[in-house]
Amino acid sequence: MARSIAVGIGIMDYPFDTADGFWRWVDLCEQGGIDSIWQTDRLVSRTPFLECMTALAAIAGRTRRIKFGVNVVSVAMREPVLLAKQCATIDVLSNGRLLPGFGIGSPRGAEWSAMHLDTTTRGRKTDEALEIISRLWSGEVLDYAGRHFRLTQASIAPLPVQPDLPLWIGGSSEAAIKRTARIGTGWQAGAETPAAVGEVIAGIKAALAETGRTIEEDHYGAAFGFRFGGPDDPGVAAVMAGYQARTGRDPRDLFAMGDAAVIMDRLRAYVDAGASKFILRPVAQGDADMLAQTRRLVEDVLPQVAATWPRPRKVAA
């Protein structure tokens, strides 16, 4: 079956000057045919960041078509029943447009020390929490006795609109690969190169053979920053420096800067590596710059994506 290639857009920090600028950007994404909007998760920061679940709820109310998600929720920092309830509520009120993605959280995050959280248990806590979340979404009245969470007769209502709410897993470690193969319905890369994405996808497929599960071929995602222009454009150096400080990765190796051909070449490299779903982040600062970069993506790249990778026709049952 042919893969379905889709381009979404995301933000890490809050690069807007005003709330009005943010909403004009959301409206542009909704009206311009962008597949989805993604918010990075960050609780503790001196740089402005929107709280991810609140932001998704607000976007749900503003829009009618576009899907949205978090790349990715740091599950080990949250209480799983509340997170399950938040996701279900947003999915219900948006008529099934939520794309939840989950991970263990970056070890570089300020939250671990600021909130006195134990980084050594984040993997095990995430595994327990994801089991709880998926069982609550299925409608189970849950008794649970784990190392980190205990529940008695816990349940949520209403349940998500999507009968099988997707469970996308982030991370590229061996543990993340095994977690995806064990419980994930998809995998979303962070700041990995096309070669690294291809290696992780191959690892997940090998692990799936051991679990006996399957993941749809077009449920593997990648992400990268883009800019119509170059690193010497006004304000870009500060954006790149902030990215490197947060992630520890050199943006020059990961960002696609130039014209539409450069961005399309980067998309092709990821598609060739096995990715199908994309989160492209504008390398921009301020209302005008964010709107201009996003408009160029809509006008110059999305038509080429549609022509290069036509959506498979749906076959009537």
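Trainee: Which residues of α10 are buried?

Mentor: Bearing in mind that this is a predicted model, the buried residues of α10 are Asp 287, Asp 289, Met 290, Leu 291, Gln 293, Thr 294, Leu 297, Val 298, Val 301, Leu 302 and Val 305. As a general point, an α-helix has 3.6 residues a turn, so residues three or four places apart point the same way.

Trainee: How far does α10 reach from its first C-alpha to its last?

Mentor: Helix α10 covers residues 287-308, which is 22 residues, and it reaches 31 Å, close to the 32 Å expected at 1.5 Å a residue.

Trainee: Where does α10 bend?

Mentor: The bend, of about 35°, is at Val 301, and a proline, Pro 303, follows within four residues. Val 301 is also one of the buried residues of the helix.

Trainee: Switching to another pair, at what angle do α5 and α6 pack?

Mentor: Helix α5 (residues 122-137) and helix α6 (residues 174-183) pack at an angle of about 10°, and their axes are 12 Å apart. Because angles under 35 degrees count as roughly parallel, α5 is roughly parallel to α6.

Trainee: Which residues make that contact?

Mentor: From α5 there are Gly 123, Thr 126, Asp 127 and Leu 130, and from α6 there are Arg 179, Arg 182 and Ile 183. By type, the residues of this contact divide into 2 nonpolar, 2 polar and 3 charged.

Trainee: Now the backbone: which peptide bond near Val 72 is cis?

Mentor: It is the bond from Asn 71 to Val 72, with omega near -15°, and Val 72 lies in the loop between β3 (67-70) and β4 (73-74). The peptide bond from Ala 157 to Pro 158 is cis too, with omega near 0°, and Pro 158 lies in the loop between β8 (150-154) and β9 (168-170). In general, most peptide bonds are trans.

Trainee: What about the phi of Asn 95?

Mentor: Asn 95 has a positive phi of about 60° although it is not a glycine, and its place is the loop between α3 (80-93) and β5 (98-99). Gln 153, likewise not a glycine, has a positive phi of about 50°, but Gln 153 lies in strand β8.

Trainee: Why does Asn 95 count as exposed?

Mentor: Because its relative accessibility is 66%, and exposed means over 50%. Gln 153 also counts as exposed, at 51% relative accessibility.

Terms used: Residues are numbered from 1 along each chain as its sequence is written. This is a predicted model: local features need pLDDT of at least 70, side-chain atom pairs count only at pLDDT 80 or more; totals for chains, interfaces and linings use all residues. Side-chain values use heavy atoms; hydrogens and water are left out. Helices (H or I, at least four residues) and strands (E, at least two) are DSSP runs, numbered from the N terminus. The expected span of a helix is 1.5 Å times one less than its number of residues. The bend at a residue is the angle between axes fitted to the seven residues ending there and the seven starting there. Buried means under 20% relative accessible area, exposed over 50%, partly exposed in between (1.4 Å probe, protein chains only). Axes are lines fitted to C-alpha atoms, for helices over the stretch in contact, and angles run from 0 to 180 degrees between N-to-C directions. Angles under 35 degrees count as roughly parallel, over 145 as roughly antiparallel, 65 to 115 as roughly perpendicular and the rest as oblique. Contact means heavy atoms within 4.5 Å. Ala, Val, Leu, Ile, Met, Phe, Trp, Tyr, Cys and Pro count as nonpolar, Asp, Glu, Lys and Arg as charged, and the others, Gly among them, as polar.
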